[in-house]
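Please look through the points below with the structure open beside you.

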Amino acid sequence: MWLKSTKLMTEMNPQQKLAIAHRQGPLLVLAGAGSGKTRVVVERIATLLQSGVHPSEILAVTFTNKAAQEMRDRILSICPYPPLITTFHSFGARFLRESIELLGFKTSFSIYDEEDTNSLLKECFKDFDMKPEKGHLKDTRQAISDAKNALLLPIDFQHQRGKDHFYQIYERYQARLKESNAIDFDDLLLLPVFLLRDQSALKQEIQNRFRYILIDEYQDTNHAQYSLTKLLVDSHQNLFVVGDPDQSIYSWRGASIQNILGFEEDFPNAQVIKLEQNYRSTGHILKAANALIAHNSGRYEKNLWSALGDGEKIQVRPFFDEREEAQFIARDVSYAIDRGQDPSTIALLYRTNAQSRSLEDALLKERIPYTIVGGLSFYERREVKDLLSYLRLTVSKNDFIAFQRVINVPKRGIGNAAFEKIKEFQNQSMLPFATILEDTRNLPLSSKQKQELDKFTYILNSAGGIPSIAQKLQKILKETSYLDYLKEDKETYQDRKENVEALIAKAIEWEEENPDLTVVQFLEELSLRQSFDEAHSMDPKVFLMTLHNSKGLEFHTCYICGLEEDILPHINSKLELHDLEEERRLLYVGMTRAERKLTLTFTAYRFLWGTSRPMKKSRFFEELPFGHLEIKKRPF
DNA sequence: AACCTGGTTATTTTT
DNA sequence: TAACCAGGTT
């Protein structure tokens with residue numbers, strides 16, 4: 001018996017019970033907003049364990065590490081040996097650490113994030129002497145990502161008319177990744193799919209190991225994830241997916257709503273269970289959200305209801321401009337806090353990051369503590385990426401992008417010209433980067449520069465020889481005088497130094513928790529983790545975030561601001577119906593975050609791209625029934 | 001090699 | 001507005 005407690009199925013509704021008790025075969029749980037879907041997944045795992053399934057036979061996939069952690073914590077409270085709960089990407093990484101050698105990579109491969117990937121792609125353009133046209137780089141990166149999500153390799157474009165150019169760049173990009181012993185985020189899905197498809201022994205092994213697969217947020221899976229799923233379950237079909245097509249908001253990132261809408265065709269004999277009771281929001285909020293989303297086409301019909309009573313109507317507030325809007329919200333929030341409401345039960349939601357500025361100004365003025373969720377993450381900070389690049393190089397000196405990033409940081413006299421010479425030399429000699437670093441004698445550089453390069457390699461080697469990650473970092477800091485370099489900018493020094501210290505603290509903590517893992521795993525975890533777990537144990541603060549970031553969360557009080565045409569729906573999402581519908585889903589997601597109080601705001605003028613522009617209120621207001629709203633009118 | 005400047009561009013971003 | 005980058009200057 002793997003369970004600590006057998007307290008199951010209490011206070012569950014019949015649909016939830018049905019889902020939890022499901023054993024064999026494919027099941028789709030259509031879980032409306034706030035219908036207790038996480039609980040269903042957790043309890044279903046518990047039920048499997050209780051019935052004698054071994055934890056190692058279960059694989060649960062979530063979309064974020066945060067969600068995975070949350071689920072792990074909840075399962076740990078009922079079961080001492082939790083099953084594997086990861087994201088698709090972490091699962092892919094884990095799988096590749098064991099089998100990527102079959103594809104000619106070393107197991108110490110680096111994982112390139114978006115910034116790394118951009119740099120690499122820029123290099124590829126340079127390889128063809130192509131000048132970086134304005135939006136072309138971005139378009140190409142997107143095209144490569146789309147191709148990979150569709151499981152298409154360069155070769156698939158070779159004979160496509162009009163794709164010569166793309167074929168070359170894509171091919172070059174893949175080659176450069178391999179030279180650097182690196183893969184990108186998309187490869188974390190794509191490569192496992194190919195391996196499982198081509199190596200039947202691998203597939204058999206993994207299918208024998210994981211007998212029960214559970215996938216959360218299935219509406220936001222892309223084609224590669226879908227293919228991976230099929231490969232994982234095709235022998236036993238024990239697939240349990242949970243999702244809500246009305247909350248699919250990542251199609252611009254390759255997610256295909258078709259995966260969930262077509263589930264019954266993809267998996268014959270699939271059972272479908274709808275969770276329609278919402279435990280989160282009061283009636284006015286929920287009914288208005290339902291009315292809004294009903295305007296989308298091709299939906300699974302769903303009637304989300306709440307037993308919580310009508311509650312308060314949704315407040316609708318027009319303002320002159322974003323300053324007035326922000327001021328009102330800040331004062332409203334301040335008033336609520338004065339009456340004893342916990343600030344962390346309040347969220348301010350917006351469509352674009354730029355909108356946070358006016359809100360921050362107003363909150364600052366009212367002295368309200370706030371925290372922005374998302375934004376520039378800890379691991380994207382310059383100093384953190386610098387140090388992680390050094391760390392990556394201690395593991396894999398072929399990591400070209402890491403090398404490029406820090407070869408002259410701090411300045412050591414190896415600037416652009418010298419760097420170009422090194423690249424040229426590498427091209428000519430066909431030697432791996434690592435070899436060149438180890439023997440600089442034949443490089444066409446000044447002896448001073450060679451000396452600096454040798455020093456650089458020495459730092460990597462000596463840091464590489466230290467077992468402790470934290471001590472590796474300390475060594476790098478010391479040998480490169482990195483903190484002195486940070487001191488050059490007095491404005492940012494304090495912040496950056498603190499980030500460096502936080503990284504070291506993180507390394508120490510991680511090493512204590514994972515004594516048997518290495519720096520490779522450490523780097524992997526950091527690459528795949530977006531945010532630093534800093535949200536815990538802090539003073540209660542009001543949350544600010546984009547609507548996208550609010551998915552999966554809930555707050556007593558929500559403000560959704562900037563409900564204007566060209567903001568929501570966003571100007572770039574108005575042409576195509578499916579884009580417009582995704583904007584509607586985005587608002588739907590936002591509205592359904594609110595438990596008790598929801599305020600929607602819009603302005604007559606908004607400062608946008610340098611000028612004040614007249615705005616029209618969002619068309620989505622027309623889709624919210626008056627009966628659920630309390631509208632304050634204002635003459636302008 | 002390092003610094004400065006003027007022109008360009010402008011979502012969302014779980015991994 | 002402000003952030004970024006390419007190209008030119010020191």
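**Notes on the cores and a helix pair**

1. The largest nonpolar core has 107 residues, and those touching the most other members are V29, I45, A60, I213, L214, V241 and L387. A nonpolar core here is a set of buried Ala, Val, Leu, Ile, Met, Phe, Trp, Tyr and Cys residues joined through C-beta atoms within 7 Å. Buried means 20 or more other C-beta atoms within 10 Å, exposed 12 or fewer, and partly exposed in between, with C-beta atoms placed from the backbone.

2. This is a predicted model, in which local features need pLDDT of at least 70 and side-chain atom pairs count only at pLDDT 80 or more, while totals for chains, interfaces and linings use all residues. Residues are numbered from 1 along each chain as its sequence is written, with chains lettered from A and ligands numbered from 1 in the order in which they are written.

3. Beyond four places in sequence, L387 contacts L473, I476, V500 and L503 (C-beta atoms, placed from the backbone, within 7 Å). A separate second core of 48 residues has I314, I346, L359 and F555 among its members.

4. Helices α14 (residues 322-338) and α15 (residues 356-365) pack with axes 8 Å apart, at an angle of about 45°. Helices are DSSP runs of H or I, at least four residues, numbered from the N terminus. On the α14 side the contact includes E322 and R323, and on the α15 side S358 and L359. By class, this contact has six nonpolar, two polar and four charged residues.

How values were computed
Axes are lines fitted to C-alpha atoms, for helices over the stretch in contact, and angles run from 0 to 180 degrees between N-to-C directions. Helices (H or I, at least four residues) and strands (E, at least two) are DSSP runs, numbered from the N terminus. Two residues are in contact if their C-beta atoms, placed from the backbone, lie within 7 Å. Ala, Val, Leu, Ile, Met, Phe, Trp, Tyr, Cys and Pro count as nonpolar, Asp, Glu, Lys and Arg as charged, and the others, Gly among them, as polar.
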